[in-house]
Amino acid sequence: PDLVEKLTTEATRRGYSIRIHRVKLDVMLTEYASLIEREKIRNAILISPHTNEIVKIFDHAKINWLMLFPRYLPNSGPAVNDSSNAVPMQIRHLLELGHRRIAFIEEVEPEAPSLIHLQRRENYYRLMAENGLRVWPEWVIPCTTDEKKLFAYLDQMFARTPPTALICPDIFMPTVYRYCNRQGLTIGPDISIIGFDGMENNSLH
């Protein structure tokens, strides 16, 4: 939502008329061709396309396009993605601070995993292994917007061998903070939390 809002604002500032279209993952790819013809699309920003076949449809229709955060490894064309070096930087920083028990909240969506989220998770496992650090199964938990489910995952995370640091996508930080408050955990002394996206969030306290 934040990305779409920023794109809309910037496009309007530059004098462009921008329309937002959503194509569900479970429909046939021919829906993209139908959308192009129906809406008379000539330029497009493709947000998180999940296959190169989508790009081919836009190429065939001679559409100018740019990819943002593709869910696969693009083999051609302009694409913008997050840095894959984020998690290594985070872990090295936490190691320098003396942390050895580092947990991780992943963002991988099973139905359409994003390339950058897969890279973040694999970089976590790789860096932990390269530094000879054990990863307990309950230290890596899936993303969920359901607070009860996330609290249950965090209960498991802190039950046996609690981590001293947690790598957490910014979007889940308010929920994690509420959990820590409920459990009497003080951010900093009891658990260090480091985020991904640098998104401002005034609900943290």
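Reply: Start with helix 1 (residues 2-13), which lies across strand 1 and strand 2 and runs at about 160° to strand 1. Bear in mind that this is a predicted model. The sheet under discussion is an open one of three strands in the order 1-2-3, with parallel pairing. Strand 1 and strand 3 (79-80) are its edges, each pairing on one side only. Helix 3 (residues 52-60) packs on the sheet too: it touches strand 1 and strand 2, and its direction makes about 160° with that of strand 2.

Now zoom in on strand 1 itself, residues 43-47. In a regular strand the side chains alternate between the two faces of the sheet. Here A44 and L46 make up the covered face, while N43, I45 and I47 sit on the uncovered one. Strand 1 runs parallel to strand 2 (residues 64-68), and five bridges join the two.

On to the helix pairs. Helix 4 (residues 86-96) and helix 5 (residues 115-130) cross at roughly 35°, and their axes come within 8 Å. The crossing of helix 4 with helix 5 is right-handed. On the helix 4 side, the residues that meet helix 5 are V87, P88, I91 and R92. Helix 5 answers with R120, N123, Y124, R126, L127 and M128. By class, that contact has six nonpolar, one polar and three charged residues.

The other pair is helix 6 (residues 147-159) with helix 7 (residues 173-183), which pack at an angle of about 55° with their axes 10 Å apart. An angle between 35 and 65 degrees is neither roughly parallel nor roughly perpendicular, so helix 6 and helix 7 are oblique to each other. Their crossing is right-handed. Helix 6 brings E147, L150, F151, L154, D155 and F158 to the contact. From helix 7 come T175, V176, R178, Y179, R182 and Q183. Sorted by class, the residues of this contact are six nonpolar, two polar and four charged.

Helix 7 has other neighbours as well. Its buried residues are M173, P174, T175, V176, Y177, Y179 and C180. These pack against helix 6, and also against strand 4 (102-105), strand 6 (165-168) and strand 7 (192-195). T175, V176 and Y179 are buried and also belong to the contact with helix 6. Just after helix 7, look at the backbone of G184, where phi is positive, about 75°.

Finally, zoom back out. The chain holds seven helices and seven strands, and from the N terminus on they run α-α-β-α-β-β-α-β-α-β-α-β-α-β. The C-alpha trace spans about 55 × 35 × 30 Å along its principal axes. Of the 205 residues, 38% are buried. Take the contacts between residues at least 6 apart in sequence: 54% of them join residues at least 24 apart.

Key: Residues numbered from 1 in each chain as written. Predicted model: local features only at pLDDT ≥ 70, side-chain atom pairs only at ≥ 80, totals over all residues. Heavy atoms only, no water. Axes fitted to C-alpha atoms, helices over the stretch in contact; angles between N-to-C directions. Helix = DSSP H or I, 4+ residues; strand = E, 2+ residues; numbered from the N terminus. Parallel < 35°, antiparallel > 145°, perpendicular 65-115°, else oblique. Left-handed = near helix turned anticlockwise from the far one by under 90°. Contact = heavy atoms within 4.5 Å. Nonpolar A, V, L, I, M, F, W, Y, C, P; charged D, E, K, R; others polar. Buried < 20%, exposed > 50% of the residue type's maximum accessible area, 1.4 Å probe, protein only. Pairing = 2+ DSSP bridges.
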